[in-house]
Structure formats: C-alpha cells, structure tokens
Amino acid sequence: MSLWAVASRPSFIILAEGLFDNETSKTAASAIRYLPDRVQCVIDSMHAGRTAEQVLGFGGDIPIVGTLEEALLTAAAPTGDPSRAILIGIAPQGGVLPPEARALLLRAIDAGLGIWSGLHTFLSDDPELSARAAQADVSLVDLRRPPGDIPVATGRAAASNAFRVLAVGTDCNVGKMTVSLEL
C-alpha cells in the first residue's frame with residue numbers, strides 16, 4: 001500500500017534498534033523533530049531507559065525502550081488500534097530491511113500495528129510480510145512508492161508557479177532530507 005492510500009495520521013513506535021542517533025536513524029530523528037506529538041517511543045536496546053533528548057539533543061521526554069513488548073506497554077493506544085504503527089526509523093546502507101528486524105516486524109503485525117517504511121525496498125512486495133499484514137488487517141506503507149496515477153512527462157510542472165528547490169548530494173549523508181524539511 002502506498003502512503004497516498006492511507007488516510008489516517010497514526011502515532012508511531014519508531015524502530016531504530018542499535019542505530020539510534022542523528023546519522024544512522026535520520027528518519028527517526030526527523031519524525032521526532034517535526035512530528036513529536038505523533039511519536040510514542042523509540043525501540044533501541046542500546047539506549048533503553050534514556051529519552052530522545054538525551055540521545056539526540058532534542059525530542060524531550062520521548063522514551064527509548066529495549067523491546068517491542070516494552071513499546072506496546074509504553075505506547076498510549078490499545079493493541080490493534082489502526083491509528084498506531086511502527087515507523088522504520090533507520091537508514092541502513094542500500095535501504096534494505098536488516099534481517100534481524102524481520103522477526104520484530106512480524107510480531108508487530110501480529111500485535112495489530114501497521115508498518116511505515118522509508119526503505120528503498122518495498123515491504124509490501126515481501127510475500128511473508130504482506131501475507132501476515134493482510135491476515136492481521138493492517139497496512140504496510142512504503143513511503144517511497146509513488147502512486148500509480150502520477151502523470152509523467154506531460155510538461156505540467158512548467159506551468160506551476162510553485163517555488164522549487166533541487167536537493168542533490170553525492171552520498172547518503174549530506175543532509176538533503178534535513179535541509180528540505182527545514183526549508
């Protein structure tokens with residue numbers, strides 16, 4: 001399912017296991033900075049017991065927990081609430097789901113949580129995850145998957161009065177996303 005098909009504004013449990021900092025969990029840091037009211041907690045066993053503020057330098061008292069089970073107890077919404085989801089908050093090299101995260105995502109789906117992913121690989125194309133999500137009636141949202149009905153090469157953008165800024169970099173660590181969000 002694409003982002004465009006999801007009408008809800010879920011609150012998030014952010015998955016940043018072992019990588020929670022400003023460089024390796026850029027998605028998590030951006031959600032905490034720009035959507036703090038929608039972040040319930042962060043999963044990272046290396047920083048469990050601390051707060052986002054203590055690790056990132058911003059984010060206030062958003063708690064960091066060590067496991068999905070702790071996150072489910074910490075998060076305010078009841079299990080199965082469709083307005084609650086896991087947000088994959090890490091930016092691993094190649095944009096591929098780390099193999100060790102698969103079991104956690106399957107347990108999250110079983111607990112009734114949707115999964116939002118900005119990874120380069122689409123979770124909804126994964127047969128095991130998509131079958132489990134369909135069975136649990138939860139959404140897999142691939143944030144990078146464009147809607148299928150975008151007109152391409154029509155020249156319509158030239159007629160727009162919108163101000164545009166091109167953000168270009170040579171690697172995955174030059175701040176394009178952060179600058180774009182700040183702009």
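Biologist: Which residues of strand β5 (residues 114-117) are buried on one side and which on the other?
Modeller: This is a predicted model, in which local features need pLDDT of at least 70, side-chain atom pairs count only at pLDDT 80 or more, and totals for chains, interfaces and linings use all residues. Residues are numbered from 1 along each chain as its sequence is written, and side-chain values use heavy atoms, with hydrogens and water left out. Strands (E, at least two residues) and helices (H or I, at least four) are DSSP runs numbered from the N terminus, while buried means under 20% relative accessible area with a 1.4 Å probe, protein chains only. Both faces of β5 are covered, one by Gly 114 and Trp 116, the other by Ile 115 and Ser 117.

Biologist: At what angle do the axes of α4 and α5 cross?
Modeller: Two packed helices are described by the angle between their axes and the distance between the axes. Axes are lines fitted to C-alpha atoms over the stretch in contact, with angles from 0 to 180 degrees between N-to-C directions. Angles under 35 degrees count as roughly parallel, and α4 and α5 are therefore roughly parallel to each other. Their axes come within 9 Å and cross at roughly 15 degrees.

Biologist: Which residues in α5 do those of α4 meet?
Modeller: Contact means heavy atoms within 4.5 Å. From α4, the residues are Arg 102, Leu 105, Leu 106, Ile 109 and Asp 110. In α5 they meet Glu 128, Leu 129, Arg 132, Ala 133 and Ala 136.

Biologist: Why is one side of β3 and of β6 left without a neighbour in the sheet?
Modeller: The open sheet has six strands in the order β3-β2-β1-β4-β5-β6, with parallel pairing. β3 (64-65) and β6 stand at its edges, so each has a single partner strand.

Methods. Buried means under 20% relative accessible area, exposed over 50%, partly exposed in between (1.4 Å probe, protein chains only). Angles under 35 degrees count as roughly parallel, over 145 as roughly antiparallel, 65 to 115 as roughly perpendicular and the rest as oblique. Two strands pair if DSSP finds at least two bridges between them.
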